[in-house]
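Let's work through a few exercises together. Keep the structure in view and try each task before you read its solution.

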Amino acid sequence: MLEIRNLNIEFHDHLVPETVVHDLNLRVAEGEIVGLVGESGSGKTMTALAVAGLLRRHDMQKTGEILFQEKNLLECGRKELRELQGSEISMIFQEPMTSLNPVRRIGWQVEEALRLHTDLDQKKRKERALEVLSQVELPDVERVYRAYPHELSGGMRQRVMIAAAIICKPKLLIADEPTTALDVTIQAQIVKLLLKINRENQVAVLFISHDLSLVRQLCTRVAVMQNGYLVEEGRTESIFMEPKEAYTRQLIAAIPKIERVD
Amino acid sequence: MKYIVRKLISFFVTLSLVSFLVFAAFAVIPGDPALSKLGTDATPSQLAALRGEMGLNRPLLVRFGSWAVSFLQGDMGTSYSYDRPVAGMILDKIPITLTLALMAFVLTIVIALPLGIYAAKHEGKWPDRLIYCMGQVTMAVPPFFLGILLTFFFGLVLRWFTPGGYVSYQSDFLGFLGYLFFPALAIALPKAAMALKLLRGSVIQEARQDYVKTAYSRGNNTNQVLYKHILKNALIPVVTFLGMTLTDMIAGSIIVEQVFSIPGLGRILMTSISGRDYPVVQAIIVWIAILVLVINLIVDPIYKGIDPRIRME
């Protein structure tokens with residue numbers, strides 16, 4: 001469903017152009033969860049933003065192909081891209097505290113993609129919004145619908161972000177470090193929720209993270225990036241059990257383990 | 001409910017303090033109302049008799065108390081200079097000054113909002129720079145001088161209005177509004193320049209927030225992101241500024257009324273201060289304080305409407 005071919009992303013905001021993604025090839029099949037891992041600056045977020053159509057700066061150049069349902073997103077016009085954003089391709093971000101508009105009600109924000117992409121009336125939109133708010137396991141959805149972001153906790157806001165992202169039943173959900181800003185128990189809940197949504201909605205997930213233990217719980221396949229290059233890719237278990245690259249072994253070795261003191 | 005009660009209490013406390021301070025100030029500053037009424041030829045005994053008649057020999061607190069009670073009953077005293085009730089002299093002037101201030105306020109918004117948004121949308125390009133330069137120049141010019149320039153250019157050169165040809169609101173309301181346009185513009189321009197600079201910066205800053213990326217990811221175009229997401233956030237500091245400006249504009253009106261010969265509160269205030277006509281001055285200042293306090297009462301719920309994080313407590 002998503003196929004990235006020879007993607008290069010180059011910035012021209014300095015005297016010497018800087019390439020942040022080199023020749024990247026990656027596939028995400030329908031309903032699949034693929035993890036994209038690597039340290040900060042490895043190019044994983046740039047790749048995600050490029051797929052979501054959110055890299056539109058004039059001082060950068062993207063070459064290669066991003067094929068989504070056989071359509072090359074890099075060749076799409078802005079209008080064509082906007083029709084896919086929020087309806088076919090959705091994205092959730094790292095910071096739930098700041099990713100929601102502070103002066104708009106949750107209901108308004110969750111319904112936004114419906115307002116932009118469908119002709120549903122207010123009543124139908126609200127019904128659907130309450131439905132997805134329940135699907136992301138928020139309590140008292142009527143109250144949440146009327147609330148403002150500052151009235152919710154970080155974990156609740158990330159659930160709201162997920163609800164808003166899936167309201168139009170997209171084919172692809174890009175989750176850019178969605179648990180990094182949350183504490184550990186909430187992280188586990190969000191990962192479980194993403195798994196549930198993946199199964200219930202048959203939505204493919206591109207899960208960007210530097211946390212390999214989460215990736216292992218969630219993803220069927222993993223791609224490892226370093227300095228803008230894809231260094232290794234394969235099924236999650238084989239990557240974890242038999243990593244081929246030294247860098248992947250280092251990343252796996254860096255996962256904190258709980259050991260007995262005696 | 002609790003909020004309204006508290007606001008009303010603070011309203012009356014502030015008003016009492018302002019009126020007492022004005023009262024006390026006139027007791028302290030040099031100048032004798034009896035002397036300015038009778039002139040320098042008056043004998044000391046004539047002056048003493050008049051002071052007694054005016055009640056100036058009584059203690060300050062007693063005078064304040066009796067003034068406050070009369071004011072609450074609608075009696076603002078009698079003008080020393082004109083021997084007329086103050087209420088009759090100033091009540092019909094209040095609408096003039098208030099209209100001028102409100103018109104200036106509306107013009108500020110009408111000028112600042114579109115230009116601020118336009119400048120932010122074209123950040124760093126020539127329209128932005130042009131608006132910036134014009135704003136800097138306008139901000140540096142005080143309203144009364146701007147008033148003189150406007151009178152010269154639009155009144156004497158282009159003859160769009162007749163300088164000094166004030167039209168009373170009782171006889172021709174539209175003509176009255178027309179005459180107030182340029183004075184209001186003189187008050188509005190420097191404030192509009194400030195507000196647009198603030199709005200431009202605020203829009204540019206908000207455009208870098210995370211929620212903007214979220215809005216784009218849902219398929220909004222640039223205008224939808226700007227008007228449905230950024231603007232309401234960007235307006236928060238601007239509304240705070242405009243709230244303070246509105247009270248400033250009443251003070252601004254008083255000065256600009258002089259330049260454009262508008263018979264509002266400003267004119268009568270100036271003549272009363274120089275003539276030591278304390279009852280008139282006192283009444284005008286208390287009325288201005290009432291206007292300012294009422295404006296603040298109205299502005300608070302507007303903040304709340306625009307920023308849900310503010311609690312009305």
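This is a predicted model: local features need pLDDT of at least 70, side-chain atom pairs count only at pLDDT 80 or more; totals for chains, interfaces and linings use all residues.

Residues are numbered from 1 along each chain as its sequence is written, while chains are lettered from A and ligands numbered from 1 in the order in which they are written.

**Exercise 1.** Work out whether Pro263(B) is buried, partly exposed or exposed.

Solution. Start with the place: Pro263(B) sits in the loop between helix H11 (222-259) and helix H12 (265-274) of chain B. Helices are DSSP runs of H or I with at least four residues, strands are runs of E with at least two, and both are numbered from the N terminus. Next, recall the cut-offs: with C-beta atoms placed from the backbone, a residue is buried if 20 or more other C-beta atoms lie within 10 Å of its own, exposed if 12 or fewer, and partly exposed in between. Pro263(B) has 14 other C-beta atoms within 10 Å, so it is partly exposed.

**Exercise 2.** Find the contacts of Pro263(B), leaving aside its neighbours within four places in sequence.

Solution. Two residues are in contact if their C-beta atoms, placed from the backbone, lie within 7 Å. With those neighbours set aside, Pro263(B) is in contact with Lys93(B), Ile96(B) and Tyr166(B).

**Exercise 3.** Check the length of helix H7 (residues 154-166) of chain A, then ask how enclosed it is.

Solution. The expected span is 1.5 Å times one less than the number of residues. Now look at burial: 11 of the 13 residues are buried, so H7(A) is largely enclosed by the rest of the structure. Among the buried ones are Gly155(A), Val160(A) and Ile166(A). The partners that the buried residues of H7(A) pack against include helix H5 (122-135) and strand E7 (172-176) of chain A.

**Exercise 4.** Trace the open sheet of chain A and name its edge strands.

Solution. Four strands follow the order E2-E1-E4-E5 in chain A, with antiparallel pairing; two strands pair if DSSP finds at least two bridges between them. The edges are strand E2 (18-28) and strand E5 (71-72) of chain A, each of which pairs on one side only. Two bridges join strand E4 (residues 60-68) of chain A to E5(A), and Leu67(A) has Asn72(A) in E5(A) as its bridge partner.
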